[in-house]
Each structure stands twice: as C-alpha cells, then as structure tokens.
Amino acid sequence: MDVRTAAPSDFEALYQIGLATPELRVSQTEQFMDPDEFAYAIVNPLAVFLVAQTESEITGFIYAHAKDANKPFQNRYACLVYLAVLPGFRRLGIARQLFVRCEERLRELGITHIYSWANSEGDLGIVHFMEQQQFLRGHQYVWMDKKL
Ligand SMILES: CC(C)(COP(=O)(O)OP(=O)(O)OC[C@H]1O[C@@H](n2cnc3c(N)ncnc32)[C@H](O)[C@@H]1OP(=O)(O)O)[C@@H](O)C(=O)NCCC(=O)NCCS
C-alpha cells in the first residue's frame, strides 16, 4: 500500500468512495460534497489531498483544507474535511498512514493546529481513531442547512 498525492484523474474513483461512505454526508438533502467543489479540492494549493493506493485500486483518502496557511496568525488552523477507508480495508492502519502523512504536509505549509467535525452517531469509529491521534473532544453540534 502506497500513500500518494491525489491527481485530477483520481476524481471519479474518489468521488465514488465519498458517495459510498454515509458518514461523510452531513446534510439530509445534499450529497457529501458537490462534484465541482470536490474536484477543486484535489487541485487546491491550500489543500492536502492524499490517497491510499494498492497495486490495483484506491482504498481510501484524506482531505484537509489548510485554510490559514497564508494568514498572519500565530495559530494557523487546518480543517480535516474527509477521511475515508473502504470497508473491506479497515483496521489495517490505512487511515493512520494517511493521517500521519497529512500532518507532515500540513506542518510544511505552516499549519499549527488541526480540527475536524467527527460523526458522533453509530460506532464512533472516527472518534476513537481521532482520539488515538491525540485529538481532544470538544462540544457536540447538529448540522443545519438551507438552500437559498
Ligand atoms: C474511521 C476510519 C477512517 C478508520 O480507518 P481505518 O483505516 O480502519 O483506521 P486504522 O486501521 O488506521 O485505525 C487506527 C486506530 O484507530 C482506532 N479505530 C479505527 N477504527 C475504529 C473503530 N471502528 N472503532 C474503534 N476504534 C477504531 C483503533 O485504535 C485503530 O487501531 P487498532 O486497529 O490497532 O485498534 C474508517 O473506519 C472509515 O472510513 N469510516 C467511515 C468514514 C468516516 O467516518 N470518516 C470520518 C468522517 S470525515
């Protein structure tokens, strides 16, 4: 298994993994992310977008938005937007490898802190994973959205 930077040609495979991962979807009505925004995330210079790749397929990905990278702040935050591993490849350390590489890249971009919204329904798999990576739990919120 290799971890590499995502490329525009990965879009279709990655978007399909996103659609097939219900935990990524926060809205009742909208998809986990619109295709055009997702495609932009792959090439955004202020994003770290990595994929886990076996010889034949992509098994997971991580996307973090380094939104404060160029800001004159003492603490510069990145948002861990998505982390997903295909069900048949979980508990093999793939998410951990993706996250460790992502953290390295974010540090290189000058990021000092990372936060994320973690799904607190179901088996809490992502919460346990993040605690294992030394994230601390904050408060819980309910996602709300409205089409304008
Ligand atoms: C959460 C997720 C990314 C973890 O991927 P993974 O490759 O299976 O994680 P790893 O194998 O690297 O796990 C590392 C450690 O995290 C913890 N962990 C991971 N999944 C866990 C689970 N379901 N329950 C409890 N602990 C878990 C364990 O401590 C694990 O170490 P161990 O297997 O030696 O006990 C994966 O389950 C997933 O894609 N879930 C659906 C998508 C999701 O919820 N994404 C977050 C929203 S953006």
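The structure is a predicted model, in which local features need pLDDT of at least 70 and side-chain atom pairs count only at pLDDT 80 or more, whereas totals for chains, interfaces and linings use all residues. Residues are numbered from 1 along each chain as its sequence is written, and side-chain values use heavy atoms, with hydrogens and water left out.

Four helices and five strands make up the secondary structure of the protein chain; helices (H or I, at least four residues) and strands (E, at least two) are DSSP runs numbered from the N terminus. Their order along the sequence is β-α-α-β-β-β-α-β-α. The radius of gyration, taken over C-alpha atoms, is compared with a globule rule of 2.2 Å times the number of residues to the power 0.38. The computed value for the protein chain is 15 Å, close to the 15 Å that the rule gives for 148 residues, so the chain is as compact as a globular protein of that length. Along the principal axes, the C-alpha atoms fill a box of roughly 45 × 35 × 35 Å. Of the 148 residues, 36% count as buried, where buried means under 20% relative accessible area, exposed over 50%, and partly exposed in between (1.4 Å probe, protein chains only). Contact denotes heavy atoms within 4.5 Å. Among contacts between residues at least 6 apart in sequence, 59% join residues at least 24 apart.

Strand β2 (residues 47-53) pairs with two other strands, β1 and β3; two strands pair if DSSP finds at least two bridges between them. Strand β1 (residues 2-5) runs antiparallel to β2 and is joined to β2 by four bridges, with R4 standing opposite V51. Seven bridges link β2 to β3, again in the antiparallel sense, and G60 in β3 is the bridge partner of A52. Four residues lie between β2 and β3 in the hairpin that they form.

In a regular strand the side chains alternate between the two faces of the sheet. Both faces of β2 are covered, with A47, F49, V51 and Q53 buried on one side and V48, L50 and A52 buried on the other. Q53 makes a polar contact of 2.7 Å with R4 through their side chains; such a contact is a pair of N or O atoms within 3.5 Å, and within protein one must be able to donate a hydrogen and the other to accept it, while residues adjacent in sequence count only if both atoms are side-chain atoms.

A nonpolar core is a set of buried Ala, Val, Leu, Ile, Met, Phe, Trp, Tyr and Cys residues joined through side-chain atoms within 4.5 Å. The largest such core has 22 residues, and those with the most contacts inside it are L50, I62, L98, C102 and L106. Two or more residues each come from β2, β3 (58-65), β4 (77-85), α3 (94-108) and α4 (125-132), and α3 gives the most, with six residues. Leaving out residues up to four places away in sequence, L98 touches V3, L50, V51, A52, G60, F61, I62 and L83. A second, separate core of 19 residues includes F11, Y15, I42 and Y82.
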